Structure formats: structure tokens, C-alpha cells
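Please keep the structure in view while reading.

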Amino acid sequence: MQMTISTRFDEDTLTRLDETSAAMKRPRSALIKEAVTRYLDYLAWYEVEIQKGVDDLAAGRVKSHAEVKDRVRELGFHVD
């Protein structure tokens, strides 16, 4: 089921949205829907990745600063 909502945009954002919509020959609403969907997908991915880091920390799967610097050097990068 689809529902209609309303939101407010500042003039610059609305201008950019309209320009992009015209260039892509897509309705403004389609761009907004896609942008929101992609952002929500990103946030879900981000939360999973953060939890992985927290789990690694809790399990002791961590590297010291010196270990990370050594690894970066092994990859051929200069590290101070």
C-alpha cells in the first residue's frame, strides 16, 4: 500500500531536484522515493557494520595502533 506524505524543501534543494528530474526525464516524486529508499538501505547497512565492529571489540578481535601502522607500511604506504 502506498501512502502520500508531504515535506518541505528549501528553494535551492527544490531547484536542484527539479533540474535533476528534468535532466533524467523522471518525475520529482520518483527521485525523492529512490533517494529515501537508498538512504534507508545505507542506514541499515551502516548499523550492521557498526554492530560488527562492536562485536569484534567485545570478542577481543582488535589490532593495536602499532600493528595497523606496520600493516599499512607493508602495503607500501608511508606512515608517520
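A pocket is an open set of grid points with protein on both sides within 12 Å along at least five of seven lines, and its lining residues have an atom within 4 Å of a point. The model under discussion is predicted. Its largest pocket is lined by Q2, M3, T4, I5, S6, T7, S29, I32, K33, V36 and T37. The space in this pocket comes to about 330 Å³. Its lining consists of four nonpolar, six polar and one charged residues.

Helix α1 covers residues 11-24, which makes 14 residues. From first to last C-alpha, α1 reaches 20 Å, close to the 20 Å expected at 1.5 Å a residue. The N-terminal end of α1 is capped by D10, which has a side-chain oxygen 3.1 Å from the backbone nitrogen of D12. After α1 comes K25, with a positive phi near 55 degrees.

Side chains of opposite charge can pair when their charged atoms come close. The structure holds seven salt bridges, including those in the table.

| Salt bridge | N to O distance |
|---|---|
| R26 and E34 | 2.8 Å |
| E49 and K52 | 3.0 Å |
| D56 and R61 | 2.7 Å |

R26 and E34 also belong to a network of salt bridges with R38. R26 is partly exposed at 29% relative accessibility, and E34 is partly exposed at 28%.

How far apart do E49 and K52 lie in helix α2? These two residues are three residues apart, about one turn of the helix, which spans residues 28-58. An α-helix has 3.6 residues a turn, so residues three or four places apart point the same way.

D56 counts as partly exposed because its relative accessibility is 29%, whereas R61 is exposed at 52%.

Notes:
Residues are numbered from 1 along each chain as its sequence is written. This is a predicted model: local features need pLDDT of at least 70, side-chain atom pairs count only at pLDDT 80 or more; totals for chains, interfaces and linings use all residues. Side-chain values use heavy atoms; hydrogens and water are left out. On a 1 Å grid over the protein atoms alone, a cavity is a set of points where a 1.4 Å probe fits but cannot get out, and a pocket is an open set with protein on both sides within 12 Å along at least five of seven lines; lining residues have an atom within 4 Å of a point. Grid points are joined across faces, edges and corners, and a volume is the space filled by probe spheres set on the points. Ala, Val, Leu, Ile, Met, Phe, Trp, Tyr, Cys and Pro count as nonpolar, Asp, Glu, Lys and Arg as charged, and the others, Gly among them, as polar. Helices (H or I, at least four residues) and strands (E, at least two) are DSSP runs, numbered from the N terminus. The expected span of a helix is 1.5 Å times one less than its number of residues. A polar contact is a pair of N or O atoms within 3.5 Å; within protein, one must be able to donate a hydrogen and the other to accept it, and residues adjacent in sequence count only if both atoms are side-chain atoms. A salt bridge is a side-chain nitrogen of Lys or Arg within 4 Å of a carboxyl oxygen of Asp or Glu. Buried means under 20% relative accessible area, exposed over 50%, partly exposed in between (1.4 Å probe, protein chains only).
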